[in-house]
Amino acid sequence: MSEQQASYDYQRYRQLLSEAVDETSRLRLISHLITEKARDRLEAQRASDRSAMTAETVAKVLGNGRREQFQRG
């Protein structure tokens, strides 16, 4: 959670909010926030996928090493 919080630029969001003085600029701000949230979720999913692939690879390597030891002994 702290990594995700660190990625948010609260100062920039405050600035954008203060500039959103009419409906058009508010809608633009909302769209921008939605787009950023979607991007953050996609990045988190990719990181999760990479971790899962790494864990699977490590398990395969360790599993193959153990089989070879049992076959030798």
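## Ser 25 and its polar contact

The side chain of Ser 25 comes within 3.2 Å of the backbone nitrogen of Val 21. A polar contact is a pair of N or O atoms within 3.5 Å; within protein, one must be able to donate a hydrogen and the other to accept it, and residues adjacent in sequence count only if both atoms are side-chain atoms. This is a predicted model: local features need pLDDT of at least 70, side-chain atom pairs count only at pLDDT 80 or more, and totals for chains, interfaces and linings use all residues. Residues are numbered from 1 along each chain as its sequence is written, and side-chain values use heavy atoms, without hydrogens and water.

Ser 25 lies in helix H3. Helices are DSSP runs (H or I, at least four residues), numbered from the N terminus. Ser 25 is buried, at 13% relative accessible area. Buried means under 20% (1.4 Å probe, protein chains only). Beyond neighbours within four places in sequence, Ser 25 is in contact with Glu 19 and Ala 20. Contact means heavy atoms within 4.5 Å.

## Glu 36 and Tyr 13

Glu 36 also sits in helix H3. Its relative accessible area is 7%, so Glu 36 is buried. Setting aside residues up to four places away in sequence, Glu 36 touches Arg 12 and Tyr 13.

Tyr 13 belongs to helix H2, residues 10–19. Tyr 13 is buried because its relative accessible area is 18%. The C-alpha atoms of Tyr 13 and Leu 29 are 8.8 Å apart, with the two residues 16 apart along the chain.

Terms used
Helix = DSSP H or I, 4+ residues; strand = E, 2+ residues; numbered from the N terminus. Buried < 20%, exposed > 50% of the residue type's maximum accessible area, 1.4 Å probe, protein only.
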